[in-house]
Amino acid sequence: MSSPKEPKNPSTELCRAGVVKDPAYKAVSPPLYLSTTFGWDDATTRPPFDYARSGNPTRALLEETLAELEGGARGIVCATGMAAIGLPLTILSPGDVLIAPHDCYGGTHRLLTALAKKNHFEVLFIDQTDKAALDAAFARTPKMVLIETPSNPLLRITDIADVVARAKKAGALTAIDNTFMSPVLQQPLALGCDIVIHSTTKYINGHSDIVGGAVVAKDASLGEELAWWANCMGVIGAPFDSFMTLRGIRTLSVRMERQQATAGALAERLDADPRVARVYYPGLKSHPGHEVATRQQNGFGAMLSAELVSDADTDKFLAALDVITLAESLGGFESLVCLPDSMTHAGMAPEARLEAGITPTLARFSIGLEDEGDLWADLDAALAAAVG
Ligand SMILES: *Cc1c(COP(=O)(O)O)cnc(C)c1O
């Protein structure tokens with residue numbers, strides 16, 4: 001391996017994740033260390049790994065990979081995406097103000113609401129694409145801002161650089177949930193964010209067989225503080241899950257490239273189809289966040305939502321799909337569809353759902369690696385069944 005470290009293309013970093021890092025045998029695929037504890041030479045010299053909650057060699061490889069990809073000083077692998085969302089909240093004290101997106105991931109909304117109710121901090125849920133709402137919220141001198149862009153399920157785009165500039169002026173930390181983009185398509189630390197959060201369950205692992213999360217901190221001292229809390233609370237990820245995620249992440253850039261190309265093509269076909277009332281995809285010129293997305297993303301991603309015409313029969317639409325699976329979650333190799341109204345966003349009040357643009361005929365798609373023609377044939381047949 002070359003000694004002076006030169007930055008490589010992310011696809012190379014991804015492909016080489018953990019490869020030949022085994023100090024014992026130069027194993028190409030790194031070993032999975034399951035041991036909970038590690039031997040000491042003497043009672044005063046702490047070994048590199050002592051107890052597996054504090055550190056594990058397999059998890060460390062994934063943490064190094066994620067830190068490198070996001071351009072941060074420190075990665076922390078957590079048990080789930082929700083554990084990763086919860087980790088930076090440990091920085092907040094009672095009375096601190098946290099700004100969060102009103103349309104953030106449902107589990108995030110639930111966690112922030114529940115902790116705020118217990119006075120762990122005060123949370124202001126706002127539309128972060130609304131400048132007046134941002135002005136009002138930042139007037140409250142927040143301690144932290146949480147961003148999530150593109151949002152779910154309408155793929156609304158928040159201008160990261162604008163929120164970061166406001167946060168810096170207010171002396172607030174910026175944390176961003178980068179799950180929908182992955183480090184391949186969006187680099188929030190380079191745009192000035194302090195903390196990046198992932199549900200690695202989604203694109204990073206990409207194979208729908210592991211639930212996991214990660215936090216990457218831009219600077220070392222913040223990384224230390226978060227790693228201290230992760231060890232203290234024990235929210236860390238399991239070695240087996242890290243092993244599987246390292247295996248999945250090596251193909252992230254090729255998966256992303258193919259999945260977003262197919263998603264872009266399907267978005268255009270759906271957009272031109274009279275059986276579809278509206279398509280939400282940041283790659284479409286008609287999308288309100290198109291310009292910002294073009295500026296801050298390296299691509300438009302593989303998530304899209306489509307609102308069928310109002311008299312469409314969504315039960316028939318879903319039943320007629322043969323290739324695309326009806327299931328929650330996203331970011332895997334396989335195409336999934338869900339109906340946010342009765343599935344992922346069922347916990348929202350009906351009026352709040354409608355106000356957010358989530359109609360009963362809105363379908364959210366996570367586009368996978370299947371052939372584009374086969375996916376379109378599936379959608380075309382299902383639309384014929386629904387609007388018939
Ligand atoms: C899935 C998801 C989470 C939660 O992650 P889990 O791994 O399910 O705990 C958080 N944020 C976003 C954007 C997600 O899609």
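**Exercise 1. Describe the packing of helix α2 against helix α9.**

Step 1. Helix α2 (residues 57–70) and helix α9 (residues 239–249) have axes that come within 8 Å and cross at roughly 40 degrees. Axes are lines fitted to C-alpha atoms, for helices over the stretch in contact, and angles run from 0 to 180 degrees between N-to-C directions. Helices (H or I, at least four residues) and strands (E, at least two) are DSSP runs, numbered from the N terminus.

Step 2. α2 and α9 are therefore oblique to each other. The classes are: under 35 degrees roughly parallel, over 145 roughly antiparallel, 65 to 115 roughly perpendicular, and the rest oblique.

Step 3. The crossing of α2 and α9 is left-handed, that is, the near helix is turned anticlockwise from the far one by less than a right angle; clockwise would be right-handed.

Step 4. On α2, the contact (heavy atoms within 4.5 Å) is made by Thr58, Arg59, Leu61, Leu62, Thr65, Leu66 and Leu69. On α9, the residues are Pro239, Ser242, Phe243, Thr245, Leu246 and Ile249. By class, the contact of α2 with α9 has eight nonpolar, four polar and one charged residues. Ala, Val, Leu, Ile, Met, Phe, Trp, Tyr, Cys and Pro count as nonpolar, Asp, Glu, Lys and Arg as charged, and the others, Gly among them, as polar.

The model is predicted: local features need pLDDT of at least 70, side-chain atom pairs count only at pLDDT 80 or more, and totals for chains, interfaces and linings use all residues. Residues are numbered from 1 along each chain as its sequence is written, and side-chain values use heavy atoms, with hydrogens and water left out.

**Exercise 2. Work out the strand order of the open sheet and what packs on the sheet.**

Step 1. The open sheet has seven strands in the order β1-β7-β6-β5-β4-β2-β3, with mixed pairing. Two strands pair if DSSP finds at least two bridges between them.

Step 2. β1 (74–78) and β3 (122–126) are at the edges with a single partner strand each, so one side of each has no neighbour in the sheet. Direction ignored, neighbouring strands are turned by 20 degrees against each other on average.

Step 3. β1 pairs with β7 (residues 213–217) in the antiparallel sense over five bridges. Gly75 has Val216 in β7 as its bridge partner.

Step 4. Helix α8 (residues 220–233) packs on the sheet and touches β1, β5, β6 (195–199) and β7. The direction of α8 makes about 20 degrees with that of β1. Helix α6 lies across β4 (144–148) and β5 (173–177), running at about 175 degrees to β4.
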